[in-house]
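Have the sequence and the 3D view open as you read.

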Amino acid sequence: MVGEKMMRNEEVEKVVREEVWRRAALSLYATRTEDKRKARGGKKGEIHYRGLYDTVSEVDWDFTRFLINGYSVVPDEVYPRFHRFIDIDARKYLLLNDDSKPREGSAVVELRDRLQAIVDATEDGLKVERHGRVWHVYVPGENWYVTVSRPNAKSWRVRVPLEGFWVESEFPKVLVNTPSDVLRSLQKGWLLTDVTPPHGRISDVHFSTTQSWQLPATLASFPGEVRLGVTAGILGSTRLSIQWQARVDGYEEELGWASELIGEVKRAEFRQLVERCKELNGDSVALTTAFLGDGELEFFLKLRVLFFKVGHEDIYLPAESAIANARLAVERASEYVRFVSLVTKCPKIKHFLFVGYGLPQKRGKKDGQRNNPFYAEVAGAQLHLVYISTRNHVYARIAVEAVPSGWVEEARAQGWDVRVVRMGGREYYQVTHASLMEHACHDEALRITLLAFTKYKAERYPKAQSLVERLEKLGTED
């Protein structure tokens, strides 16, 4: 029995060793390696491994975009300091020179050298030790080790630590017109998710992130003296990411109330925030930054629902309360929402606005095409309306992966005719034309939506006028 266990451990250690070596090689050398799996929101065969060069280039572009978009959002008297922080301080140890090579002495060079050391060792030269739920992988001749964890059965997370290249700077107060109580609510949402408050011997606010947009989005809520560092390279299943860490001084007394928000206490308070907002008596502004921190986005882009991840638990706000809270939050924290949505182009804030106001998601359009902002509500979900001119029919569709568990059963129980169709390599749930017309007979809101949609389509397709007339007739019947 003991021998079998040792053999299993040796097999696992071999897999860990090989995985670390493979990902180090990919991160160091690969730029565009095709993968046969399906990307979230993409097509099969279009996942690409992003190596070191692509990673740094993308961060470079992110920061350039922050500066360009900041012209229209950041107040004139603040912009020079905002520009310095992003363009000089944040880039100081990361970005590429004009010759497209990492600046010597930078965090990128250290990461490149450490990846090369792993590759040179080959998988047989790497020593693996298990420590609880993680593995430490030691590189011969080096005084650092790689940490490997396995979030689930299909993925690995490899963290290559860096000594840390830190810069001391100031993130200016870009929210000059935001009241102090609104700023405190913005801070609360971050403190309940990605930001750790001052506690014990730690006197600063701090957070780590691998997403460039989160640096200005978070620091806008905690302006002040900042120590910013590049602390690791994270080798994921399909890409390399740069891990940043920020530490903000000066909030020890102001955020003393948050010193207990650690671990389960934080998660319990997070749940209470969502539950209070569900009952329409919670802090909607804090909900905004909580969604930016731990909101679930991947599969719910077309639903006016807000999903959150609290530890291993998924919780959500249904459409009615999500819409009310999003609108109130945008009204109270308009300066912050404008900053995050325009400067960072963060997809989470775009979805937050969609939840509140039903704004259509941006999609690439051919010349002469216009966005179609029409959605029909079916069993609590927002389905995109489409018109097929050859049949003169209207359908309502939503991607299969975009609906929560149990939606199809609920829709069919309410009498909707829901079918599965395949379009462009993706599967959709589609409500039939006949079913839409049948429900429009007794659902005034749906009838008004369909009428507006068919009038819109009749401008280009004259035959759709017959649908307009039919829906107008429905509105006059008892």
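1. First, a rule for rings: those of Phe, Tyr and Trp (its six-membered ring) pair if their centres lie within 6.5 Å, and planes under 30 degrees apart count as stacked, over 60 as edge-to-face and the rest as tilted. With that in hand, look at Tyr71, Tyr79, Phe82, Phe85, Phe171 and Phe339, which form one aromatic cluster. By this rule the count comes to 17 aromatic pairs.

2. A word on the source: this is a predicted model, where local features need pLDDT of at least 70, side-chain atom pairs count only at pLDDT 80 or more, and totals for chains, interfaces and linings use all residues. Residues are numbered from 1 along each chain as its sequence is written, and side-chain values use heavy atoms, with hydrogens and water left out.

3. Now zoom in on Tyr79 and Phe82, a tilted pair with 6.0 Å centre to centre and 50° between the planes. Both lie in helix α3 (residues 79–89), three residues apart, about one turn of the helix. (Helices are DSSP runs of H or I, at least four residues, and strands are runs of E, at least two, numbered from the N terminus.) Are Tyr79 and Phe82 buried or exposed? Both are buried, meaning under 20% relative accessible area, with exposed over 50% and partly exposed in between (1.4 Å probe, protein chains only).

4. Phe291 and Phe308 make an edge-to-face pair, because their planes are at 85°, with the ring centres 5.8 Å apart. This pair links distant parts of the chain: Phe291 is in helix α8 (residues 284–294) and Phe308 in strand β11 (residues 306–310), 17 residues apart. Phe291 has 0% relative accessibility, so it counts as buried; Phe308 is buried too, at 0%.

5. Next, the sheet around β11. It is open, has three strands in the order β10-β11-β12, and its pairing is antiparallel (two strands pair if DSSP finds at least two bridges between them). The edge strands are β10 (295–296) and β12 (313–317), each pairing on one side only. Phe308 turns up again here, as the bridge partner of Gly295.

6. Last, the nonpolar core, a set of buried Ala, Val, Leu, Ile, Met, Phe, Trp, Tyr and Cys residues joined through side-chain atoms within 4.5 Å. The largest one has 107 residues, and Phe82, Tyr336 and Phe339 have the most contacts inside it. Helix α4 (residues 107–121) gives the most to this core, with eight residues. Apart from it lies another core of 39 residues, including Ala376 and Tyr429.
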